[in-house]
Amino acid sequence: MPRMSKKRRLEWSFFLRQVKVGNATCDRITYNDLCRSCTHNCKQSFRVVIILCPRYYSKRRKKEDRDNGR
C-alpha cells in the first residue's frame, strides 16, 4: 500500500487513526460510526461527537408538524 504524503497527512490528520497491520502500524482515514453508513459526502471524523447532522434522521426521532399545531 502506498504511503501518504506529508501534505495529505496534515490535511487528514483529524480523520487518521493508527491501525496495527501485522508488525507495522499505518494511518487509515476513519469516519464516525453514524457517518460510515451515510450516502452523503458530509462525513465527520471518528474523534467528534455528532451534535447536529442536517441529513441524519433517526428512526426514533419525533416528527414535527409543519403547521405548528394549527
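Colleague: What makes V19 and K20 contacts of T25?
Modeller: Contact means heavy atoms within 4.5 Å, and T25 touches V19 and K20 once residues up to four places away in sequence are not counted. Bear in mind that this is a predicted model: local features need pLDDT of at least 70, side-chain atom pairs count only at pLDDT 80 or more, and totals for chains, interfaces and linings use all residues. Numbering starts from 1 along each chain as its sequence is written, and side-chain values use heavy atoms, with hydrogens and water left out.

Colleague: Why is T25 called exposed?
Modeller: The scale goes by relative accessible area: buried is under 20%, exposed is over 50%, and partly exposed is in between (1.4 Å probe, protein chains only). T25 comes out at 54%, so it counts as exposed.

Colleague: How do you know where T25 sits?
Modeller: T25 lies in strand β2. Helices (H or I, at least four residues) and strands (E, at least two) are DSSP runs, numbered from the N terminus. The chain has 2 helices and 2 strands, and from the N terminus on they run α-β-β-α.

Colleague: How confident is the predictor about the chain?
Modeller: pLDDT is the predictor's confidence in each residue, from 0 to 100. The chain averages 76, and 81% of the residues score at least 70. Confidence is highest in helix α1 (residues 6–11), at 86, and lowest in α2, at a mean of 78. Where pLDDT is low, the predicted coordinates should not be read in detail.

Colleague: What makes W12 and F15 an aromatic pair, and of which kind?
Modeller: Rings of Phe, Tyr and Trp (its six-membered ring) pair if their centres lie within 6.5 Å; planes under 30 degrees apart are stacked, over 60 edge-to-face, and the rest tilted. A search of the whole structure finds 3 aromatic pairs. One of them is W12 with F15, at 5.2 Å centre to centre and 65° between the planes, which is edge-to-face. F14 and F15 have their centres 6.3 Å apart and their planes at 90°, so that pair is edge-to-face too. W12, F14, F15 and Y31 form one aromatic cluster.

Colleague: Why is S45 called buried?
Modeller: S45 has 2% relative accessibility, so it counts as buried. S45 is placed in the segment after α2, and beyond its neighbours within four places in sequence it is in contact with F14, F15, T30, Y31 and N32.

Colleague: How do you know that the side chain of S45 makes a polar contact?
Modeller: A polar contact is a pair of N or O atoms within 3.5 Å; within protein, one must be able to donate a hydrogen and the other to accept it, and residues adjacent in sequence count only if both atoms are side-chain atoms. The S45 side chain reaches the backbone nitrogen of R47 at 3.1 Å. Likewise, the N32 side chain reaches the backbone oxygen of V48 at 3.1 Å. N32 sits in the loop between β2 (24–29) and α2 and, at 12%, is buried.

Colleague: Why is K43 called partly exposed?
Modeller: Its relative accessible area is 24%, so K43 falls in the partly exposed range. K43 is in the segment after α2 (33–36) and, neighbours within four places in sequence aside, is in contact with F15, Y31, C35, R36 and C38.

Colleague: How much of the chain counts as buried?
Modeller: Of its 70 residues, 13% do. The chain exposes about 6900 Å², with carbon and sulfur atoms supplying 50% of it; that area comes from the Shrake-Rupley method with a 1.4 Å probe, and for residues only the protein chains shown count as cover.
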